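This report covers a cavity and a few individual residues. Please keep the sequence and the structure in view while reading.

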Amino acid sequence: MLLGVRPRGFTLLELLIVLAIVAIMSTIALPSFTHHLASYTNKKTARQLLSAVMLARGYAQVHHKPFSLCPWSAATQACAGVYSEGFAVVNAEGVLEREFATSSKVRIVNRSGSRQASERFQWDGRGIGNRNATLAVCSGQPTSDNWSVVLNQLGRPRLVKNWATCGGE
């Protein structure tokens, strides 16, 4: 250290100004971040749902026997409840082939958003489904994008952005 020269650091006022600027920037960025996080979670869950649909249909075609997609209860190890609590691919005898977990931050509802999805979807040995339906994945964030898995009896399922109404958001 040189004689007469004191090392200079930051003053308390400078540190407080920097902290205030960081706090203001965080306040501005937080809503955008939560929107993107909710949209990502919705899309991730919808992709899992689409994967489960394609898996059930593929198993049905390969094994030439019915396979189903249903809401899955981990407690009872059976098809029960709603898709928001988890879902699974099961064979004709109800034996689990693959289980899928869901985030507690999403709801899986019908296209109009009027009720949680709970119906069972089945594909026969030719891969033909038992019904047309839309399963919408929604979160509690009103501005986030919802993602839907659109099913039809004869064709491939598809993933569509903002196709449904999430109801109550």
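The model is predicted. Strand β6 gives the most to the lining of the largest cavity: three residues.

**The cavity**

How many cavities of 30 Å³ or more does a search of the whole structure find? The search finds one. The space in the largest cavity comes to about 70 Å³. Its lining is made up of 13 residues. Closest to the centre are Trp-123, Gly-129, Arg-131, Leu-151 and Asn-152.

Which elements each supply at least two residues of this lining? They are α1, spanning 12-63, and β6, spanning 121-123. Five of its residues are nonpolar and five are polar. Three are charged.

**Ser-73**

Ser-73 sits in strand β1, which covers residues 67-73. Is Ser-73 buried or exposed? Its relative accessible area is 18%, so Ser-73 counts as buried, the cut-off being under 20%.

The side chain of Ser-73 has a polar partner. A polar contact of 3.1 Å links it to the side chain of Thr-76. Beyond its neighbours within four places in sequence, Ser-73 is in contact with Ala-78 and Ala-80.

Most residues other than glycine have a negative phi. Two residues here call for a look at that angle. His-64 has a positive phi of about 55 degrees, and it is not a glycine. Asn-162, also not a glycine, has a positive phi of about 55 degrees.

Where do they lie? His-64 is in the loop between α1 and β1. Asn-162 belongs to the segment after β9, a strand of residues 158-161.

Next comes accessibility. His-64 is exposed, because its relative accessible area of 63% is over the 50% cut-off. Asn-162 is partly exposed, because its 41% falls between the 20% and 50% cut-offs.

The table sets out the accessibility values for the residues discussed one by one.

| Residue | Relative accessible area | Class |
|---|---|---|
| Ser-73 | 18% | buried |
| His-64 | 63% | exposed |
| Asn-162 | 41% | partly exposed |

**In brief**

The largest cavity holds about 70 Å³, and β6 is the element that gives the most to its lining. Ser-73 is buried and makes a side-chain polar contact with Thr-76. His-64 has a positive phi and is exposed. Asn-162 has a positive phi and is partly exposed.

Note on methods
Residues numbered from 1 in each chain as written. Predicted model: local features only at pLDDT ≥ 70, side-chain atom pairs only at ≥ 80, totals over all residues. Heavy atoms only, no water. 1 Å grid on protein atoms, 1.4 Å probe; cavity = no way out; pocket = protein on both sides within 12 Å on 5 of 7 lines; lining within 4 Å. Points joined across faces, edges and corners; volume = space filled by probe spheres on them. Helix = DSSP H or I, 4+ residues; strand = E, 2+ residues; numbered from the N terminus. Nonpolar A, V, L, I, M, F, W, Y, C, P; charged D, E, K, R; others polar. Buried < 20%, exposed > 50% of the residue type's maximum accessible area, 1.4 Å probe, protein only. Polar contact = N/O pair within 3.5 Å; in protein donor to acceptor, adjacent residues only side chain to side chain. Contact = heavy atoms within 4.5 Å.
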